[in-house]
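User: I have a model open and want to go through parts of it with you. Can we start with the sheet and then move on?

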Protein chains: 2
Amino acid sequence: MPTSNRAVRFNLGALLLTSLICLPACAKDLVHGPKMTMAELIKTSTSADWRMPDAENTLYMELEKGRVVIEMSPYFAPNHVANVKALIREAYFDGLSINRSQDNYVVQWSDATELRSIVKAKKTLPEEFSVRYDAAMAFTRLPDHDGFAAQVGHANGFPAARDPKTGRAWLAHCYGMVGAGRDNASDSGGGAELYAVIGHAPRHLDRNVTLFGRVIHGMELLSALPRGKAAMGFYDKPEQTVTIKSVRIAQDLPPAERSKLEILRTDTPLFKAITEAQRNLSGEWYKKAANYIDLCNVPVPVRVKTE
Amino acid sequence: MPTSNRAVRFNLGALLLTSLICLPACAKDLVHGPKMTMAELIKTSTSADWRMPDAENTLYMELEKGRVVIEMSPYFAPNHVANVKALIREAYFDGLSINRSQDNYVVQWSDATELRSIVKAKKTLPEEFSVRYDAAMAFTRLPDHDGFAAQVGHANGFPAARDPKTGRAWLAHCYGMVGAGRDNASDSGGGAELYAVIGHAPRHLDRNVTLFGRVIHGMELLSALPRGKAAMGFYDKPEQTVTIKSVRIAQDLPPAERSKLEILRTDTPLFKAITEAQRNLSGEWYKKAANYIDLCNVPVPVRVKTE
């Protein structure tokens, strides 16, 4: 390109580089592969393939740099979801801070100063590490072996595991999952201290902590925070903490102020097709298909609704 | 604590919170578990359990905010390591930039402006996706099933896989691994464009790209970079890119300027014991041991040498 405009050259460079590591939705993949890629499959989707997260079970954490949207799962953690909502509705989180950011592990937010009191919500709750599952759990099982559980897949949009022998199911600690921190006792959590996974899935935490949600938008506002220098990634200076302006339930905001997000349903033939495409990535760039997928690598696409 | 000093209160809060999600090295775990934890096991280590990375195969990427240290593996990618060193020694990377940061995937650095010329090093190289392994690969095999490979474990300190049927071995795309980006052709990479994994392990890239190293220090200087807003996480404005002040080989610096790092050997009984401790995390906090470990969750501790 015969131009001296640095920005243009930069963009050109960026475009030329886009195939260096192809993504699931890599444009080059779309052209040649005989099989359809995830991006192609998504183009075939209809409105029935997407769902709006339930506003009553979606929370917005407002930070200086933007909004983190978390979808909660009352199916897997009914009491924790109810308590987090009670905490939100008494404005418990407003003005608190993210005070831990540990590389390849979690960010965590809570009342580090311990000055905040809990008025109506519960301070602690019995564990909800797993639930007895039933037909209401729309489970799309992955075909592959998983080292941590008898069966894994997606339940109502969340990465999950189940064990037919015990009849129990639980959410899995994949990237972006949100849970309620606790002390040593199983019933010492409750939702006043929360964390989100920002690294390689710490699946060894499964059934050890109550997970109740997943970040569906604004993940980079958590994952790209500077890491804390104190033990376990805690910020060692108060000025490093990230203030939480407010946490609100989507339902409590006027519709115009809600994030317009849609999530791909996980109980559809389209989702199964996407998972299969990701199990065997094809196209000009891939030389070797894995013929396997790890639960935490299955994409659950979220799109911003524009209409 | 009857103090009005906010910093002290903050630190107290942080200390009280440290058990909310216990880490591998969680202090509370050390007290009660009948089995030894990783932290306890490391305390039993002798100098023979640690190694210094080979200065001739260690590179320092100097950023404004600090140094990223990458250990390279001439065993798995001899030609790429040699070429990256040739590029470094002709100062190819000095003044280039990190121009891609894609959430839960990779950061990437290269000559986005395409103004830099390569003088003595090679522009591209044949792939080194896997090698024919031999006795020089000190392979400590994990006991567990892996979905992506016949056998996985650690080879000379790096997470790796091998297939006895083909006699071949390869490095695995775990968090912090570093590889050479390429275009569609297998032989279109060479080391002038590099990437590091900053998210959940994209193991589907194994044997599709040449990996040649691992970040052993300063990982947070890459993983906490703001994510790019353009497609595939490329920064959409030149001013967002992160300047690489220089890249040097440790051997080329005076000893006083080298990072004093030691890495736990992966071919020792101690490393096996640590892996076993991590497969079954115990202590007061853990209620359920996984009895399994994912290759990319096995810690390979690095310590800063003090004396």
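User: In what order do the five strands of the open sheet in chain A run?

Analyst: The order is 6-10-9-8-7, and the pairing is antiparallel. Strands here are DSSP runs of E of at least two residues, helices are runs of H or I of at least four, and both are numbered from the N terminus. Two strands pair if DSSP finds at least two bridges between them. This is a predicted model, where local features need pLDDT of at least 70 and side-chain atom pairs count only at pLDDT 80 or more, while totals for chains, interfaces and linings use all residues. Residues are numbered from 1 along each chain as its sequence is written, with chains lettered from A and ligands numbered from 1 in the order in which they are written.

User: Which strands stand at the edges?

Analyst: Strand 6 (131-132) and strand 7 (139-141) of chain A; each has a single partner strand, so one side of each is left without a neighbour in the sheet. Strand 6 of chain A pairs with strand 10 (residues 168-171) of chain A over two bridges, in the antiparallel sense. There, A:R132 stands opposite A:R168.

User: Switching topic. What rotation superposes chain B on chain A?

Analyst: One of 180°, with 0.0 Å of shift along its axis and an RMSD of 0.0 Å. That is the relation of a two-fold axis.

User: Now B:V68. Is it buried or exposed?

Analyst: B:V68 is buried, because 24 other C-beta atoms lie within 10 Å. The cut-offs are 20 or more for buried, 12 or fewer for exposed, and partly exposed in between, with C-beta atoms placed from the backbone. B:V68 sits in strand 3 (residues 66-72) of chain B.

User: What is B:V68 in contact with, leaving aside neighbours within four places in sequence?

Analyst: Its contacts include B:M61, B:L63, B:V215 and B:L222. The C-alpha atoms of B:V68 and B:M219 are separated by 6.4 Å, though the two are 151 residues apart along the chain.

User: Last one: which residues are buried in helix 6 of chain B?

Analyst: In helix 6 (residues 269-279) of chain B, they are B:F271, B:I274, B:T275, B:A277 and B:R279. Their cover includes helix 3 (38-43), strand 7 (139-141) and strand 15 (261-264) of chain B.

Key: Two residues are in contact if their C-beta atoms, placed from the backbone, lie within 7 Å. Copies are superposed by least squares on the C-alpha atoms of residues with pLDDT of at least 70 in both.
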